[in-house]
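Let's take a walk through a protein model together. Have the sequence and the 3D view ready, and we'll go part by part.

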Amino acid sequence: MPSNKSVSDAPIVQFTNCRILRDHQLQREDLWVREGKILNPEKLFFDEKGSADVQLDCKDSIIAPGFIDVQINGGFGVDFSLATDDFKSGIDLVSQKILSHGVTSFCPTLVTSPPSVYHQVLPQITVRNGGAHGAGILGAHLEGPFISKEKKGAHPEHCLRTFEAGAFQDLLATYGSLDCVQIVTLAPEMRRSSEVIQELTKQGICVSLGHSVANLSQAEEAVQHGATFITHLFNAMLPFHHRDPGIVGLLTSDKIPAGRRVFYGMISDGIHTNPAALRIAHRAHPKGLVLVTDAIAGMGLAPGRHTLGQQVVEIDGLNTYIAGTKTLSGSVATMDTCVRHFQEATGCSVETALEAASLHPAQLLGIEHKKGTLNYDSDADFLMLNDSLYVQATYIAGEEVWRQDVSGM
């Protein structure tokens, strides 16, 4: 049998004394990593006769897949919906700073904006792997402008658009390019939305339903045409009604095509969704719940005035409002905070809370073969956490990219 050196000269790192989240369970076993991938130790021992080059004692930490944030509008003073000359340095700053909150991949999100903003910003967003420079970028999430005026939330009304005769061409003209786009949020009750959903789905783009007054049958029709996600459930949609539960009804609908799962985003920050609503959604459809931060530029900054695209927002504690109103406008919660609040509010298991921020968003985007799990051959993007789910260290491709400064605690 060949030695491990003949297969690869790359060093093998063995993480010991840890509990790994694998197959929905925390399992007391070691994690083996080589060349940025998770290794199967049995193959290593029996096929390669290999062994570890480095052993790291994890001191009984939990090891979980890195968090994936599919809806983040900015943070740390950076607003992804503002076309600036130094946009690239802004996105680099956010991707670096969110490592300390356990996010290893994200979808920079643009709220409803004029076409000129999309045309300037989207070419500057590049899909890239994470590393010491910051979390990986999976592609943009475009939330609007094809949304409902009645449920616009914090989106500027003068920038909202409808689909005209050449519906998909309207969308292309508005965005300029779909090269780096991963998710589009739209209101499914808009005329001609079905053909747009079908075309986006055909191009491998995830369609999300949100900022909408759709009834349940309109929402079900959108899912039958390919939509797979709901943008921040309960927020910016018709409230649940027992005779027509609206988009919320998708969680228990019997009209979902066989083999298809509808996922839904939840802002678990203690502000956007009452803990009881969080529990209702989770108990109705636990496998579809995806934690999102919906974070804005003010995340990580002191209270005061900040921006969200074309609007000025005020941060007051954990509340963020459009200036001069009581309209909620994104959140300032970090992903690790959302995970802890979700677990506390629902009483769910640690495994369930961690998978809502890792496995489920990966499944939504169809990347669960490489992200969101610690299965063999998947990317070695993972976190070390303590039992209270505070992040102690963040790894991307098996390399440590952030560690809690113990001396400063």
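Here is a tour of the domains, some annotated sites and a few local details.

## Before we start

This is a predicted model, where local features need pLDDT of at least 70 and side-chain atom pairs count only at pLDDT 80 or more, while totals for chains, interfaces and linings use all residues. Residues are numbered from 1 along each chain as its sequence is written, and side-chain values use heavy atoms, with hydrogens and water left out.

## Two domains

The protein chain splits into domain 1 (13-64 + 373-403) and domain 2 (66-365); bounds like these come from an automatic or database domain assignment. Between the C-alpha centres of domain 1 and domain 2 there are 30 Å.

UniProt also has something to say here: its unreviewed entry lists residues 62-401 as "domain: Amidohydrolase-related". UniProt positions are given in the numbering used here, feature names are shortened, and annotations may be inferred rather than shown by experiment. Over residues 62-401, the chain is 24% helix and 22% strand, with the end C-alpha atoms 17 Å apart. Helices (H or I, at least four residues) and strands (E, at least two) are DSSP runs, numbered from the N terminus.

## Where the domains meet

How many residues of domain 1 are in contact with domain 2? There are 20 of them, and they touch 22 residues of domain 2; contact means heavy atoms within 4.5 Å. The size of an interface is often given as the accessible area lost when the parts come together. Domain 1 and domain 2 bury about 1700 Å² between them, with 71% of it on carbon and sulfur atoms (that is the accessible area, with a 1.4 Å probe, that two parts lose on being put together, summed over both).

The two domains have 0 salt bridges between them, but 5 residue pairs in polar contact, both residues at pLDDT 80 or more. A salt bridge is a side-chain nitrogen of Lys or Arg within 4 Å of a carboxyl oxygen of Asp or Glu. A polar contact is a pair of N or O atoms within 3.5 Å; within protein, one must be able to donate a hydrogen and the other to accept it, and residues adjacent in sequence count only if both atoms are side-chain atoms.

On the side of domain 1 that touches domain 2, the elements giving two or more residues are β2 (25-28), β5 (54-65), β20 (382-385), β21 (391-396) and β22 (399-403). β21 gives the most, with 4 residues. The residues of this side divide into 14 nonpolar, 5 polar and 1 charged. In this count Ala, Val, Leu, Ile, Met, Phe, Trp, Tyr, Cys and Pro are nonpolar, Asp, Glu, Lys and Arg are charged, and the others, Gly among them, are polar.

## Annotated binding sites

In the unreviewed UniProt entry, one "binding site" feature covers Glu143, His211 and His232. They are spread over 90 residues of sequence, yet they cluster in space, with a largest C-alpha distance of 10.9 Å. Glu143 sits in strand β11.

The entry also has a "binding site" annotation on Ala154, Asn235, Ala236, Arg243, His272, Leu328, Ser329 and Gly330. These are spread over 177 residues of sequence and spread in space too, up to 29.7 Å between C-alpha atoms. Ala154 is in the loop between β11 (140-143) and α5 (167-175).

Most residues other than glycine have a negative phi, and most peptide bonds are trans. Now look at His24: this residue is not a glycine, but has a positive phi of about 65°. His24 lies in the loop between β1 (12-22) and β2. Next, find the cis peptide bond joining Gly144 and Pro145, with omega about 5°. Pro145 is in the loop between β11 and α5.

## Links along the chain

The model has 15 salt bridges by the rule above. One of them pairs the side chains of Arg34 and Glu48, at 3.0 Å from N to O. Arg34 is in strand β3 (residues 31-34) and Glu48 in the loop between α2 (41-46) and β5, so the pair ties together parts that are 14 residues apart in sequence.

Glu189, in the loop between β12 (181-186) and α6 (193-202), has a side chain in polar contact with that of Ser212 (2.7 Å). Not counting residues up to four places away in sequence, Glu189 touches Ser148, Ser212, Val213, Ala214 and Gln218.
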